[in-house]
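Hi,

Here is the structure I promised to send over. Have a look at it first, and then read on for what turned up.

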Amino acid sequence: MSPSLDRRAFLQETAAAAGLLSSACLAPAKDEPMRKTTHTYKTAGTCAIKADVYGAAADGARPAVIWIHGGALIMGNRDGIFATFRDGLVKAGYVVVSIDYRLAPETKLPAILEDVQDAYQWVRTKGPELFHVDPKKIAVSGGSAGGYLTLSLGHRVEPRPAALVTFWGYGDIAGTWYSRPDAFYRKQPLVPKEEAYQAVGGPVLSEAVGKNNRSRFYLYCRQQGIWPKEVAGHDPDTEPKAFEPFCPLRNVTAKYPPTLLIHGTKDTDVPYEQSESMARELASKGVEHELMTIPDGGHGFGGVKPELVANTYERAIEFLKKHLR
């Protein structure tokens, strides 16, 4: 690969990890904008944490899909929802709830997980009144770090979600892929430590506002292999047991929800093996699941033909239909 192409692939991968990739899969629908309402589902200190609701019904009770955005838990916001997937869900009769959560490193992982758990319970308890959802028919979906948080809800809330759908998610945050310097990201000039920490450290955030260079902090974490320390507040080498409750891979039981795992084989941000490992663990516990492999697919549908992207969304919606009838 030429240096220019290699750099282009790197930039696309980094942008996709941040939930910022502008492509057909993320672009707004060509029709009129999807109507939405915005709610504050939680306030933590002075930080209002919000959710956008699409497809709310005037009456009746519809099944709901909660969407959790990606961005390595460091970047991104509730706008980072795949428009085509969102619109397909709404047309199929679902209420879609896209949530924010507090971002790292200003907020550590336990509080981030608390936010998404609270969002799930908010949809269950307030959703029937506010936007007419069926509290017994709630699924969760997300991409990248949002996929990780989706898998986390599979064992952290009761009642369990009706189904989970992850796009290039991961079940192990303490592995060497995250806790060692990453060869792919170190192909680029190393981010100076001072620059990295200047990009973060302000007020607690629940959306990517203010400084717009938080991706530099993420890149620094991957180049140095310190993402688990900065996000979880623990060192997986010296405190391995501290990560037990934070790794969905280690918390699968027979009660785990039906799960669809979607992942490309050439993902250089989240290894394809992460979804393979999760699929093996689900199988060992007798949990209904599917692993949809995208041959040669990169992170964020990088390098994937539009027809395969469309087919992926269709399969995801069919999986949800099966479990939300």
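How many salt bridges does the count come to? The count is 25, where a salt bridge is a side-chain nitrogen of Lys or Arg within 4 Å of a carboxyl oxygen of Asp or Glu. Side chains of opposite charge can pair when their charged atoms come close.

Before the details, a word on the source. This is a predicted model, in which local features need pLDDT of at least 70 and side-chain atom pairs count only at pLDDT 80 or more, while totals for chains, interfaces and linings use all residues. Residues are numbered from 1 along each chain as its sequence is written, and side-chain values use heavy atoms, with hydrogens and water left out.

**The sheet**

Eight strands form an open sheet with mixed pairing, in the order β1-β2-β4-β3-β5-β6-β7-β8. Strands (E, at least two residues) and helices (H or I, at least four) are DSSP runs numbered from the N terminus, and two strands pair if DSSP finds at least two bridges between them. The edges are β1 (36-44) and β8 (289-294), each of which pairs on one side only. Strands β2 (residues 47-54) and β4 (residues 95-99) run antiparallel and are joined by four bridges. Within this pair, D52 stands opposite S98 in β4.

**Salt bridges worth a look**

D52 also forms a salt bridge with R78, with the closest N and O atoms 3.0 Å apart. Because R78 lies in the loop between β3 (62-68) and α2 (83-91) and D52 in strand β2, the pair ties together parts that are 26 residues apart in sequence. For R78 the relative accessibility is 11%. R78 and D52 belong to a network of salt bridges that also links K36, D100 and E207. Leaving aside residues up to four places away in sequence, R78 touches several others, including T38, H69, S98 and I99; contact here means heavy atoms within 4.5 Å.

A further buried pair is R222 and D269, which form a salt bridge with the closest N and O atoms 3.4 Å apart. R222 lies in helix α7 (residues 214-224) and D269 in the loop between β7 (259-264) and α9 (272-284), so this pair ties together parts that are 47 residues apart in sequence.

At edge strand β8, E290 forms a salt bridge with R315, the closest N and O atoms being 3.5 Å apart. R315 is in helix α10 (residues 306-324), 25 residues from E290. Here R315 is partly exposed, at 37% relative accessible area, and E290 is partly exposed as well, at 31%.

**The nonpolar cores**

The largest nonpolar core has 70 residues, of which L73, I173 and W227 touch the most other members. A nonpolar core is a set of buried Ala, Val, Leu, Ile, Met, Phe, Trp, Tyr and Cys residues joined through side-chain atoms within 4.5 Å. Helix α3 (residues 109-131) gives the largest share of this core, nine residues. Not counting residues up to four places away in sequence, the contacts of I173 include L109, Y148, W227 and F243. There is also a second, separate core of 28 residues, with F167, L260, V304 and A316 among them.

Best wishes

Definitions and conventions
Buried < 20%, exposed > 50% of the residue type's maximum accessible area, 1.4 Å probe, protein only.
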